[in-house]
Amino acid sequence: MNDFWGETLDQIRSELPEQQFTTWIKPLQAEMGDGFVTLSAPNRFILQWVKDRYLSRIESMARLNGIHAIKLVQRNEAPPSSNEKTSHAYAEPLDETPKQADNRHRLNPNFTFSTFIGGKANQLARAAALQVAENPGAAYNPLFIYGGVGLGKTHLIQAIGNQILERQPNAKVRYMHAEKYVSDVVRAYQHKSFDSFKRYYHSLDLLMIDDIQFFGGKARTQEEFFFAFNALVESHRQVIITCDSFPKEIAGMEERLISRFGWGLTVAIEPPELEMRVAILINKARLEGLALDENVAFFIAKHIRSNVRELEGALKRVQAYARFTGDAITLQSARESLKDLLALQHRQISIENIQKTVADYYKIKVGDMFSKKRTRALARPRQMAMALAKDITNLSLPDIGEAFGGRDHTTVLHACRKMQELCENDNTIQRDFLALQQILNG
Amino acid sequence: MRQLILDIAPGEPPRLEDFVVGRNAEVLDTLQQWVRGACPERFVYLWGEPGAGKSHLLQALCPGRYVACTPDTRFLPDPDPLLLVDDVARLSPEGAVTLFHRYNERRDEGARLLASGPCPPSQLSLLPDLATRLGWGLVLRVHALDDTEKMAALQARAAHMGVSLPQEAARYILTHWTRDTASLFALMQELNRWSLSAHRAIITIPLIRDALASLQPRPSGM
């Protein structure tokens, strides 16, 4: 039986991206029954995910091994040593920690899982965050979430903190922006108070550092964080990190930290797709007691594409205009209130603009977008620009082909499929695509 | 084309009642509420072309809390509930990081921030963490005045100074002088001085012509 599961794991590992394998398959534990195998998942999220996506594959492999049934259950696991977690001798907080005991963690109480809108763009990150909230220090340590600005990284990690505090009000949780950590290091240096600095940071149950790219080039900060990280992770206390880029691409970060960031799970948050943007708007409006018409939400979401902050800003603009005029929010009033922004955007995103932006990004000549040369160094950016043109403009494929040196529409179609395939399998291409999309959409 | 500017003394501090509203009624209304703490949105960002009146509005709203950005500007921790930051596009990367932290503190502490720039936040070449946060609040465009509104503005400014500026004289200024509002108002102040020394209560076209001829224009940047 163990052979069956070992072989199945090897097989699935070869079929799935490493990250997905580590997230969903690796945590499963197999147990032999009479003609069946019981797979236990550490929590209901993994259970549901495996059931929806991988169970049929596992079953087909089981049948080949003469196993007739797979039972998928949730493991009955005691929460990871909660006694141990709360029994740490808490160090006295540093002078600069907040005065009010109830805000020592610096969490925004509104940032919870229930107010976080999920979608394709963040489903992996959200699922991982939920697991960490359920099993802090055990599920994935550290949890490293990366993605562009304004996509909800801060909300997600604070949701973890809030959920842990809800269950364990005494847990020593601390959220901080990376720059705050840097200034704490500076202060400790100035006041020669590294002992109390260490005592405080090494005593936390959950440390969340937002935007760790701000540590870049700051050697002393990185050194202190290295010690804090080791102390926490080695004693199974949770570290959560967000960043604007993949760990290996953080400028000025020590190799030993970068490798440690990969010890747990690294997940990306991508810009939200249309349906998710609509859901974000309707939910945001509802939180403010406003019933937002779906057509209005759709209109805003269709035009504001780059990040969640800008989306919420657009909703505020629409609300403010309605307040000023004293009228209800309609499609017409939304259009009127956003017309300046939209006019600018439409001017910006022409196919020429896409070609120039992509050429600049890859440091090639704009003329190479139209040339017949087919070397990969030129063909990839060209395919990227075609895929972006299809994604962003309303031009037909023949029109796009025409704009790229009179190419056939099937070339454009091929480019779009190729980019989709590459985005699914190649982190660098995917990041380039999202970055360009964000640049073009403003 | 070389832009000509006047070598004249700066005028009085801007006042809200001197702001020529034009198409900016909503902006003005929002800002008046914001400064009183009555606006539901604590973070407001104004954008518009140079000369649209952003600096005027910010200075007039709360002169004591007004910061005009330069590449050397840094923002230190600041407990005051109000902060007005003009032209964030001029900040250096280091300056932008300091404003980013003040933004986060203000967000946590219930304080307010009014910022301005030449374009919407999404198009600022600025620390993206800061730019997206500026776009998270209420973003309003300040519309520059059109020619009719500029003539009305000049006449209102003249009346405030105690002189009269007939319609045809206002039109003459618009067709013979740099038309951004800052240059127009600076000229208006100079014309006021001329009218005082000439003991005239009306600014006529000949007076404007004399004034313009006597001014020594020089290329900008010198």
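This is a predicted model: local features need pLDDT of at least 70, side-chain atom pairs count only at pLDDT 80 or more; totals for chains, interfaces and linings use all residues.

Me: Where do I start with the interface, and how many residues of chain A and chain B are in contact?

Reply: Start by counting who touches whom, then look at the area. Here 23 residues of chain A contact 26 residues of chain B. Together the two chains bury about 2,200 Å², with 58% of it on carbon and sulfur atoms. A:R309, A:K316 and A:F324 supply 27% of the area that chain A buries against chain B, more than any other three residues.

Me: And which polar features cross the interface of chain A and chain B?

Reply: Look for charged pairs, then for polar contacts in general. The rule finds three salt bridges across this interface, and seven residue pairs in polar contact, both partners at pLDDT 80 or more. As for where chain A's side comes from, α14 (308-325) and α15 (331-348) of chain A each supply at least two residues. The largest share, ten residues, comes from α14(A). Sorted by class, that side of chain A has seven nonpolar, six polar and ten charged residues.

Me: Let's zoom in on one salt bridge: which residue does A:D340 pair with?

Reply: Check the closest N and O atoms. A:D340 forms a salt bridge with B:R141, and those atoms are 3.1 Å apart. A:D340 also turns up in a polar contact, side chain to side chain, with B:H143 at 3.4 Å.

Me: Okay, B:H143 then. Is B:H143 buried or exposed?

Reply: Here you compare relative accessibility with a cut-off: under 20% means buried. B:H143 counts as buried because its relative accessibility is 15%. You'll find B:H143 in the loop between β6 (138-141) and α5 (147-161) of chain B. Leaving out residues up to four places away in sequence, B:H143 touches A:D340, B:R23, B:N24 and B:A52.

Me: What does chain B look like overall, in helices and strands?

Reply: Count the elements, then ask how much is buried. Chain B has eight helices and seven strands, and 51% of its 222 residues count as buried. Then check sequence separation: of the contacts in chain B with a separation of 6 or more, 68% are between residues 24 or more positions apart.

Me: Now a helix. How far does α8 of chain A reach from its first C-alpha to its last?

Reply: Compare the end-to-end distance with the expected one. Helix α8 (residues 178-190) of chain A has 13 residues and reaches 19 Å, close to the 18 Å expected. Next, see what its buried residues pack against. Among those buried are A:Y181, A:V182 and A:V185. The buried residues of α8(A) pack against several elements of chain A, including β5 (173-177) and α10 (219-234), together with α3 (93-109) of chain B. Just after α8(A), A:K192 takes a positive phi of about 50°.

Me: Last pair: are A:Q158 and A:K365 buried or exposed?

Reply: A:Q158, in helix α7 (residues 153-167) of chain A, is buried, with a relative accessible area of 4%. The residues A:Q158 touches include A:R106, A:F111 and A:Y175. A:Y175 is 17 residues away along the chain, yet the two C-alpha atoms are separated by 7.2 Å. A:K365 sits in the loop between α16 (351-361) and α17 (376-392) of chain A, and at 62% relative accessibility A:K365 counts as exposed.

Note on methods:
Residues are numbered from 1 along each chain as its sequence is written. Chains are lettered from A and ligands numbered from 1 in the order in which they are written. Side-chain values use heavy atoms; hydrogens and water are left out. Contact means heavy atoms within 4.5 Å. Buried area is the accessible area (1.4 Å probe) that two parts lose on being put together, summed over both. A salt bridge is a side-chain nitrogen of Lys or Arg within 4 Å of a carboxyl oxygen of Asp or Glu. A polar contact is a pair of N or O atoms within 3.5 Å; within protein, one must be able to donate a hydrogen and the other to accept it, and residues adjacent in sequence count only if both atoms are side-chain atoms. Helices (H or I, at least four residues) and strands (E, at least two) are DSSP runs, numbered from the N terminus. Ala, Val, Leu, Ile, Met, Phe, Trp, Tyr, Cys and Pro count as nonpolar, Asp, Glu, Lys and Arg as charged, and the others, Gly among them, as polar. Buried means under 20% relative accessible area, exposed over 50%, partly exposed in between (1.4 Å probe, protein chains only). The expected span of a helix is 1.5 Å times one less than its number of residues.
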